[in-house]
Amino acid sequence: MTRWHLRAVVIAAFAMFALPQSADAQLGGLIKKKVKEAIKPPEKTNPAPQPAAPAPASSPAGPPASNSRDPFANQRVPGARALLIADEMISRIYRGLDAEAVMLKDLEKEIAAYPTPKKIQDCKAKAAQTPEGQKYLNPGNFIKEGMTNDQLMAAMSRMSTESDAYFKKACPWDETKWSDYNRSEARKAIRTKAAAKALPTDTTVFVKGAGGGLDENDFGEMIERILKYCELKKSMDVKPKTGGFKTPGDGGPDIFWVYTESELKVLQKLDCDGFKKKYAAQLGAYG
């Protein structure tokens, strides 16, 4: 960076702060942008692209994985098991969903108690108007006439660091803490915890670890199959019958929804409308 360029940045910074200060939340952003531009290291040139390595020889394909929704598909593998919809499993699903509902309410309370991005920006704008805020945003308090290029860069870096620390202390909240992405991730974490809360009453009925809940995939699969049954019940005969029930699913010729006779007997007792109404705020993540 040339001496002329650094002087130009400093002059631009002085000119900006010679104007009357406003309560705009972008007040500190402009000078930080100038600072970052001034101390930005030279861009690295990308190395010349290297020729791609030859593809490894293909290995023999293993047996095709089953993509059937048949809950008994993996019983062909020794030691594997399938989760069945039984009275106990329905109770476990209710326990898991009830626990999830409590955790989701707690999450919403936590989000509601946290300052919104607008409130955080308003706080920073107010902090910028204080004498201390003005001190940190005034280049003249950091940059002096006659400084060398290295001294100028060091002074501007110090200005950026100290002003950031000041605003962090005055308004110690993270504007992105409850972004849409972070909210989604928090709900996913709750879903995993809810599955673990789907504890069996009689641990001898299920071989998934004594006293343990379900993992997220098993929990979600059970709920998905319950919801699908309730949907099919509106247009098809899903009464218990020998051999169970099987109907094509979406996604290909080998995709099916499969229910055993014992599962249909259990599901026949389920109040589908009551189930969907009670957990309406949650089931969208599973269906």
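Student: What am I looking at, and how are things counted?

Tutor: This is a predicted model, so local features need pLDDT of at least 70 and side-chain atom pairs count only at pLDDT 80 or more, while totals for chains, interfaces and linings use all residues. Residues are numbered from 1 along each chain as its sequence is written, and side-chain values use heavy atoms, with hydrogens and water left out.

Student: How many helices and strands are there, and what makes a stretch count as one?

Tutor: The protein chain has 11 helices and 2 strands. In sequence order the pattern reads α-α-α-α-α-α-α-α-β-β-α-α-α.

Student: Why is Ile223 called buried?

Tutor: Buried means under 20% relative accessible area, exposed means over 50%, and partly exposed is in between, with a 1.4 Å probe and protein chains only. Ile223 comes in at 0%, so it is buried. Ile223 is in helix α8. Overall, 33% of the 287 residues count as buried.

Student: What touches Ile223?

Tutor: Setting aside neighbours within four places in sequence, Ile223 is in contact with Ile93, Leu97, Leu283 and Tyr286. Contact means heavy atoms within 4.5 Å. Ile223 and Leu97 are 126 residues apart in sequence, yet their C-alpha atoms are 9.6 Å apart. Across the protein chain, 71% of the contacts between residues at least 6 apart in sequence join residues at least 24 apart.

Student: Why is Thr242 called exposed?

Tutor: Thr242 has a relative accessible area of 75%, so it clears the exposed mark. Thr242 is in the loop between α8 and β1, and its C-alpha lies 9.3 Å from that of Ser262, 20 residues away in sequence.

Student: How do you know that the buried residues of α9 line one face?

Tutor: Start with the list for helix α9, residues 261-268: the buried ones are Glu263, Leu264, Val266 and Leu267. Looking down the axis of α9, they fall within an arc of 160°, so they line one face of the helix. The arc is taken from the directions from the helix axis to the C-beta atoms. As background, an α-helix has 3.6 residues a turn, so residues three or four places apart point the same way.

Student: What covers that face?

Tutor: The cover over the buried residues of α9 includes α3 (87-113), α8 (216-233), β1 (245-248) and β2 (256-259).

Student: What makes Phe219 and Tyr286 an edge-to-face pair?

Tutor: The structure holds 8 aromatic pairs. For Phe219 and Tyr286, the ring centres are 5.8 Å apart and the planes are at 85°, so the pair is edge-to-face. The rule is that rings of Phe, Tyr and Trp (its six-membered ring) pair if their centres lie within 6.5 Å; planes under 30 degrees apart are stacked, over 60 edge-to-face, and the rest tilted. This pair links distant parts of the chain, with Phe219 in helix α8 and Tyr286 in the segment after α11 (280-283), 67 residues apart. Both Phe219 and Tyr286 are buried.

Student: Which label do Phe275 and Tyr279 get?

Tutor: Phe275 and Tyr279 also form an edge-to-face pair, at 5.5 Å between centres and 65° between planes. Phe275 has a relative accessible area of 1%, so it is buried, and Tyr279 is buried at 1%. Ring pairs link Tyr94, Phe275 and Tyr279 into a cluster.

Student: What makes a charge count as sitting over a ring?

Tutor: NZ of Lys or CZ of Arg has to be within 6 Å of the ring centre and within 35 degrees of the ring normal. The charged end of Arg191 sits over the ring of Tyr286, 5.6 Å from its centre. Lys246 lies over the face of Phe256, at 4.1 Å from the ring centre.

Student: How do you know that Ser163 is buried, and what does its side chain sit by?

Tutor: Ser163 has 2% relative accessibility, so it counts as buried. Ser163 is in helix α6 (residues 149-170), and a polar atom of its side chain lies 2.9 Å from the backbone oxygen of Met159.

How values were computed: Helices (H or I, at least four residues) and strands (E, at least two) are DSSP runs, numbered from the N terminus. A polar contact is a pair of N or O atoms within 3.5 Å; within protein, one must be able to donate a hydrogen and the other to accept it, and residues adjacent in sequence count only if both atoms are side-chain atoms.
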